Amino acid sequence: MTDRAGESRFALLADGSTVEISQATPDDATDVRQMHEQLSRENSYFRFFSFSPQAPVREALRLCRPPGPDHAALLARLGGRLVGVASYEPTDRPGVAEVAFAVADEMHGRGVATLLLEHLVSLARQRHLTAFAAETLPENVAMLRVFADAGLQVTRKFADGVVELVMPLPGQEARQLDSYLDVVAGRASRADVASLRALLQPACIAVVGAGRQRGSVGREILRNIVTGGFAGMVYPVNARGGSVEGLRCRTSPADLPAGVDLAVIAVPAQDVAAVAEQCGRRGVHALAVVSAGLGDSGADLLAICRRYGMRLVGPNCYGIAVPALRLNASFAATAPLPGDAGLVVQSGGIGLALLEQLSRLGIGVSSFASVGDKYDVSSNDLLTWWERDEQTSLAILYLESYGNPRGFARTARRVGRKLPVLTVVGGRSVAGQRAAESRTAAATPLVTQEALFGQAGIIATHSLGELVEAAAFLAAQPLPAGRRVGIVSNAGGAGALAADACVESGLTVATLGAATRELLDRLLPSRSAVSGPVDTTGAVQPDAFRACLEHVAADDGVDALLAIGVPTAVADLTDAIRAAAVAKPMAATLLDRAESVGMLTAAADDGTAQPGEWPRRVPVYGYPESAAKALAQAVNYREWRDGPHGHVPDLDDVDTVTARALLSEFLAGQPDGGWLPAEQAADLLACYRIPSPATGTVDSAEADVELVVAVVQQPVFGPLVVFGLGGVAADAADRSARLAPLTDSDAAAMIGAVRAAAQLLGPAGSAAVTALLLRVSRLADDLPEVAGLELDPVIARSDGAYPIDARVRITPAEPRDPFLRQLR
């Protein structure tokens, strides 16, 4: 929540229902009074500890008085009806407020109080409160459970027949905040999944705009649903009635049976809002709006969906598909195969192309969503669904913009610990940015995308071809345990190219052990090279090549295998590679293939094998560079997944109170903001124990290494911390960036990502710069008013990192809570 009265947010209850949350105003007094009057005798007693007919009136006056900085009252409405209230009031203890809740009788057990508590916590933290207090009767088990399960630390004391509770709010201590956010995220995930069931597990579907003419979007979507064999009820809607695809048409959404799960809307843009309104009135649970060009009516569409609690895919989308249900509610030319790859795209055309490529490779899809303009359902929702659907083992994304990037990063990082998340980085050039911005409100800059993906552990590729190549390996093979690649080729030149490609991708070419070399000497033709890379020569027979692969894979110094075959008159090695019974990850390159990547399936594979089980599929690439890159991406992901998560340090010595007061004083004199004077900039840095030019004792002549550290406050993404070398070693193109707040692992990765930085700094210098980056990150994360910060140069020595010059730009800003449970 924010401090702005009259502003509302929509969020999901535990069962997936949509509620509207807003701050109470005097206009809400009648509704508040009536809700309290309608409470059961028991619940009224639990709330007021007594029976008084005047209690609802007094409560309405208290809750609905004009908002103020020392108190707050939030209302939850379901379908316009008030179903819950929550409030806090000041106490005689500084920083502590007392909370109270009431929920309509029929809404108990649906998570209303818990959701309101989360929004109260968010608002209280923005106002810098430190703790909530509450009193409840010991018989009020439901309320006690709300407090116990909230994710806050709770202390209880029983006195005078009442349970007194104190709950410290998540503050500056990073671990405490992370723990709380993890609990909130778990609730959000369960609610999100519940809200998506009608969309991704529908039992009945309507297609509004199912035209009579073949080739129209609505007709082709209907045809795909019917011919695909969807087992649920299907209702075409056509204003002229009649029948389409053998099904009787309804003339209007108003004629649909109540409670249809999903309506696909393919009507002219000017009619979309009216159609959505009719769907909402008939109790439709979810919409997929294919229509594009809604303009100003788009806001009406979203408001209608929120009012009726309908989840929305689109507008300007290509539909959805759930192959396991034989549901193809898209206008893809062919139905995707069922399988375990989840696919969400912002560009429908890219989505259809990826579906075709995955089908060609035999990679099936668990669910597909073309989200288009992303008014509501986004990649965050699909990632959450795949995390819990017990089917998806690989997530593939194509995105051009992010509504809540920090929420996305936290979701992707959590999901990525369970399954690989793969994407392609779009808009890498000025022209690419321009093209993306023509389709979305704001394309994401390259440096920001790379920071976001790097921190979230997302496998980021730079082309659709590279994405498909990486997906082929991840879908078919287990993850390599390490970076050592055993290369086996029947052509020395191809093996050399593969070795170069592996090294350039950050892999290590394995040197085989003595026992393996001895086996290969007896097995392979004379003049074969057996140390690694293995060159079997062109005279090798298929059985010998297959056995060679198996011996190399069994070597303890090999983590993964790269088999390369060049067709000769002596032998075609395709079947040998296909038949090799290796127990380690393997990719292959066949240099006579026209396609960039394909799939070899063992003859004995009946389709039931899982990645890592024998028999299995082997991805086969047209060039060794592609195979090496796919292997490297799998290794990088494995290292990220299994490596240390990192943590945001607590930094107990920072003085946020003084820092905020300094910025408030500056903005009071300059409401539009500006650059802080040098003395005030030094004072601000000192609040975070960052040495400043005013206090530093380092002369640039004493440099070891000159660096640049900066912060850029981005409108949607928040603060971006940038690091690079300065002075004579400066390279504007060689900078690394991460989104605040940084973990210690993020800071170390930033240093490692800049060429030669770690070597120039040495261990002591790297530690000093890491400490500086973490303090700058904390400053940027605490103070959204810091629109820009430049420390240039920074002198790094073994005893610390010292800014020589500092510039800080301040602008007015409101605190934001990117992790608050709310819909877009």
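Mentor: Start with a definition: a salt bridge is a side-chain nitrogen of Lys or Arg within 4 Å of a carboxyl oxygen of Asp or Glu. A search of the whole structure finds 40 of them. This is a predicted model, where local features need pLDDT of at least 70 and side-chain atom pairs count only at pLDDT 80 or more, while totals for chains, interfaces and linings use all residues. Residues are numbered from 1 along each chain as its sequence is written, and side-chain values use heavy atoms, leaving out hydrogens and water.

Trainee: What makes Arg110 and Asp15 a salt bridge?

Mentor: Their closest N and O atoms are 2.8 Å apart. The limit is 4 Å, so the pair qualifies. Arg110 lies in the loop between β5 and α4, and Asp15 in the loop between β1 and β2, so the pair ties together parts 95 residues apart in sequence.

Trainee: Why is Arg110 called partly exposed?

Mentor: Buried means under 20% relative accessible area, exposed over 50%, and partly exposed in between (1.4 Å probe, protein chains only). Arg110 has 22%, so Arg110 counts as partly exposed. Asp15, at 37%, is partly exposed too.

Trainee: How do you know that Asp376 and Arg306 form a salt bridge?

Mentor: The N to O distance is 3.1 Å. That is within 4 Å, so the label holds. Asp376 lies in the loop between β19 and α11 and Arg306 in helix α9, so the pair ties together parts 70 residues apart in sequence. Both residues are buried.

Methods. Helix = DSSP H or I, 4+ residues; strand = E, 2+ residues; numbered from the N terminus.
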